[in-house]
Amino acid sequence: MKDIENFRRGVEAMVEELRATMLELGSEGPNETSVVSNARDRLRYISALTEQAAGRTLTAAEALSDRIKAQQALAAALAGKTRSPQIRAFLEQLQAEHQAAAGQLAEIIQAQEFQDLVGQVVNKLLVMVQKMEDNLVHLLIDDDPDPHLSGPVTRESERVSQDDIDDLFG
């Protein structure tokens with residue numbers, strides 16, 4: 001009996017720690033039934049917004065990268081055709097700046113792809129937290145069923161059978 005009580009206290013402590021951690025992540029009220037779900041919903045919302053922002057940034061950076069490459073190729077072609085040393089110097093400088101910008105855009109794209117991976121990990125953690133909470137609560141409920149959740153108590157003479165209900169609707 002002592003082992004069961006120790007196990008129960010351990011599970012209750014884990015549930016409480018889980019709820020406290022989720023509360024720290026952003027739930028404002030101490031309402032125990034909504035602490036975990038509110039924090040989880042907020043994390044999902046933040047994850048979705050971050051994913052959308054990363055997607056927009058990634059799309060814009062890729063489009064800009066394509067435009068820079070096209071301009072760089074045009075500057076190289078024009079530099080080979082011009083006779084003016086000033087224009088040639090300008091076009092060569094433009095190519096160098098485009099090269100540097102393309103490198104910075106590659107870093108932005110890589111960072112946004114990393115953000116996508118982080119979002120996937122956050123979503124997996126949210127699923128794991130939900131499963132863990134459900135399993136822990138299930139262990140507690142199965143061990144100590146609440147008599148208020150077992151339905152109404154009726155006398156044997158007042159019970160209605162399925163056949164009685166079928167006859168009523170049939």
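Buried here means under 20% relative accessible area, exposed means over 50%, and partly exposed lies in between, with a 1.4 Å probe and protein chains only.

I noted that this is a predicted model, in which local features need pLDDT of at least 70 and side-chain atom pairs count only at pLDDT 80 or more, while totals for chains, interfaces and linings use all residues. Residues are numbered from 1 along each chain as its sequence is written, and side-chain values use heavy atoms, with hydrogens and water left out.

**Confidence.** I looked up pLDDT, the predictor's confidence in each residue from 0 to 100, and found that the protein chain averages 78, with 78% of the residues scoring at least 70. Confidence is highest in α2, at a mean of 86, and lowest in helix α4 (residues 162-169), at 72. I remind myself that where pLDDT is low, the predicted coordinates should not be read in detail.

**Overall layout.** I counted four helices and zero strands, taking helices (H or I, at least four residues) and strands (E, at least two) as DSSP runs numbered from the N terminus. Of the 170 residues, 21% count as buried. The accessible surface, from the Shrake-Rupley method with a 1.4 Å probe and, for residues, only the protein chains shown as cover, comes to about 13000 Å², of which 57% belongs to carbon and sulfur atoms.

**Core.** Which residues make up the largest nonpolar core? I found six: Leu 58, Ala 61, Ile 68, Ala 102, Leu 105 and Ile 109. Helices α2 and α3 each supply at least two residues of this core. Ala 61, in helix α2, has a relative accessible area of 6% and is therefore buried. For contacts, meaning heavy atoms within 4.5 Å, I left aside neighbours up to four places away in sequence, and Ala 61 then touches Leu 105, Ile 108 and Ile 109. On the same terms Leu 105 is in contact with Ala 61, Leu 64, Ser 65 and Ile 68.

**Towards the ends of the helices' pairing.** I next checked Ser 47 of helix α2, which is buried at 9% and, beyond four places in sequence, is in contact with Gly 119, Val 122 and Asn 123. Leu 91 lies in helix α3 and is buried because its relative accessibility is 8%; leaving aside neighbours within four places, Leu 91 is in contact with Ala 75, Leu 78 and Ala 79.

**Surface.** Finally I looked at Tyr 45, placed in helix α2 (residues 35-81), which counts as exposed because its relative accessible area is 54%. Tyr 45 forms a nonpolar surface patch with Ile 46 and Leu 49, with about 310 Å² of accessible area together. For patches I used residues with over 30% relative accessible area and no salt bridge, like charges being joined within 9 Å and nonpolar side chains (Val, Leu, Ile, Met, Phe, Trp, Tyr) within 5 Å; a salt bridge is a side-chain nitrogen of Lys or Arg within 4 Å of a carboxyl oxygen of Asp or Glu.

Terms used
A nonpolar core is a set of buried Ala, Val, Leu, Ile, Met, Phe, Trp, Tyr and Cys residues joined through side-chain atoms within 4.5 Å.
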